[in-house]
Amino acid sequence: MRQFTEDNLTDEVVARLKGVKNPRFKQLMTSLVKHMHAFAQDVKLTEEEWFEAIKFLTAVGQKCDDKRQEFILLSDVLGLSMMTVAINHKTEPGATEATVLGPFFAHGAKEYGYGGDLREGATMKGDDVWVSGKVAGVDGKPIPGAALDIWQAKADGIYDLQTDGEFELRGRVKANDKGEYAFKSYKPKFYSIPMDGPVGDLVRNTTNNHMRPAHMHAIVSAPGYQQVITHVFVEGDPYLDGDAVFAVKNSLVAKYKKLGEAEAKKVGLPAGSFKLEFDFKLSPDKAGAKKARKKIAASDAVA
Ligand code: BEZ
Ligand code: FE
């Protein structure tokens with residue numbers, strides 16, 4: 001067949017997917033082609049605009065390396081990451097809500113036990129904080145040995161992966177045999193998403209915010225439970241209602257309080273330090289759910 005027009009081109013592109021064996025891949029490609037063609041027709045896409053988009057996507061790809069994931073950032077600022085989280089994580093009542101992974105997760109962080117110090121080797125100081133809580137199932141049963149992958153930005157709002165430095169302010173914290181976890185860190189601060197690449201240019205051309213409210217990231221996992229990829233935000237942060245990547249959930253906003261003098265001494269932090277108490281609740285694993293989520297984290301996050 002030849003002589004395609006606006007009226008029959010979409011059908012022909014879709015028809016050529018007829019023999020695709022993997023049904024899910026076929027469904028994804030068919031829908032993608034239909035939506036892209038409908039978009040082009042809807043906005044009457046010009047050739048200049050088409051080429052601008054090609055140049056933009058090329059720049060996004062070129063900005064990616066083993067430490068920088070500009071495509072995740074693009075997905076985040078367009079709300080696609082949170083839309084995918086929302087579709088896939090209709091949280092069971094009581095379970096910790098999921099939110100975006102973001103571009104700064106890294107495998108291979110050091111393991112810590114109860115009370116571990118994530119400030120080790122930090123090149124920049126912040127307000128000391130004792131973070132503690134429990135990991136339990138939605139039934140309230142503690143989960144001994146649950147793992148919490150924690151990462152956060154330094155006091156200047158920059159992640160270790162954005163510099164040439166070693167891992168900083170990240171670690172894999174193991175809960176004790178009562179499902180309790182604790183670690184020392186710095187109180188997170190709000191920061192800007194990376195604005196020095198093509199996604200920054202895009203954001204500057206819109207009226208979206210480029211700030212993220214202060215938060216620490218956590219991936220909480222345990223055998224027999226669904227892994228949750230989430231954040232804990234700082235109550236009172238000025239950007240909670242304007243997060244650049246739409247990731248804030250009320251249940252994930254927590255209060256950083258001041259440690260009493262005796263409490264601070266007990267945990268080995270200076271007077272005036274903060275404490276954060278936050279419990280994580282996991283849903284029981286449903287066949288495949290954990291596997292699928294893990295695959296996303298492993299393949300999309302930087303190595
Ligand atoms: C982050 O929190 O690390 C993050 C998430 C999405 C985009 C940029 C940064
Ligand atoms: Fe972050």
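1. Helix H4 is mostly covered, with 7 of its 8 residues buried. The buried ones are Glu-70, Ile-72, Leu-73, Leu-74, Ser-75, Asp-76 and Val-77. This is a predicted model, and the points below should be read with that in mind.

2. Beyond the helix comes Gly-79, which has a positive phi, near 80 degrees.

3. For the chain as a whole, the model has 8 helices and 14 strands. The C-alpha atoms fill a box of roughly 80 × 40 × 30 Å along the principal axes. The chain has 303 residues, and buried residues make up 43% of them.

4. In Arg-212, a side-chain N or O atom is 2.5 Å from an oxygen atom of the ligand. For His-215, the distance from a polar side-chain atom to an oxygen atom of ligand 1 is 2.9 Å. For His-217, a polar side-chain atom is likewise placed 2.9 Å from an oxygen atom of ligand 1. Taken on its own, ligand 1 has 260 Å² of accessible area, and the protein covers 100% of that area. The space that ligand 1 takes up is the largest cavity.

5. Arg-119 sits in the loop between strand E2 (116–117) and strand E3 (128–137). Is Arg-119 buried or exposed? Its relative accessible area is 17%, so Arg-119 counts as buried, the cut-off for buried being under 20%. The side chain of Arg-119 makes a polar contact with the side chain of Asp-128, at 2.5 Å.

6. Gly-116 is found in strand E2. With a relative accessible area of 13%, Gly-116 is buried. Gly-116 and Asp-241 are 125 residues apart along the chain, and their C-alpha atoms are separated by 32 Å.

7. Two residues have a positive phi without being glycine. Lys-44 has a phi of about 50 degrees and is found in the loop between helix H2 (23–43) and H3. Leu-169 also has a positive phi of about 50 degrees, and its place is in the loop between strand E4 (147–151) and strand E5 (170–174). As for cover, Lys-44 is exposed at 65% relative accessible area, whereas Leu-169 is buried at 3%.

8. Phe-56 belongs to helix H3 (residues 47–63). Its relative accessibility is 22%, so Phe-56 counts as partly exposed. Along the chain, Phe-56 and Glu-111 are 55 residues apart, while the separation of their C-alpha atoms is 39 Å.

9. Cys-64 is placed in the loop between H3 and H4. Cys-64 has a relative accessible area of 23% and is therefore partly exposed. How many residues apart along the chain are Cys-64 and Thr-163? The number is 99, and the C-alpha atoms of Cys-64 and Thr-163 are separated by 14 Å.

Technical notes: Residues numbered from 1 in each chain as written. Chains lettered and ligands numbered in written order. Predicted model: local features only at pLDDT ≥ 70, side-chain atom pairs only at ≥ 80, totals over all residues. Heavy atoms only, no water. Polar contact = N/O pair within 3.5 Å; in protein donor to acceptor, adjacent residues only side chain to side chain. Areas by Shrake-Rupley, 256 points an atom, 1.4 Å probe, with all protein chains shown as cover. 1 Å grid on protein atoms, 1.4 Å probe; cavity = no way out; pocket = protein on both sides within 12 Å on 5 of 7 lines; lining within 4 Å. Sits in = over half its atoms within 2 Å of the grid points. Helix = DSSP H or I, 4+ residues; strand = E, 2+ residues; numbered from the N terminus. Buried < 20%, exposed > 50% of the residue type's maximum accessible area, 1.4 Å probe, protein only.
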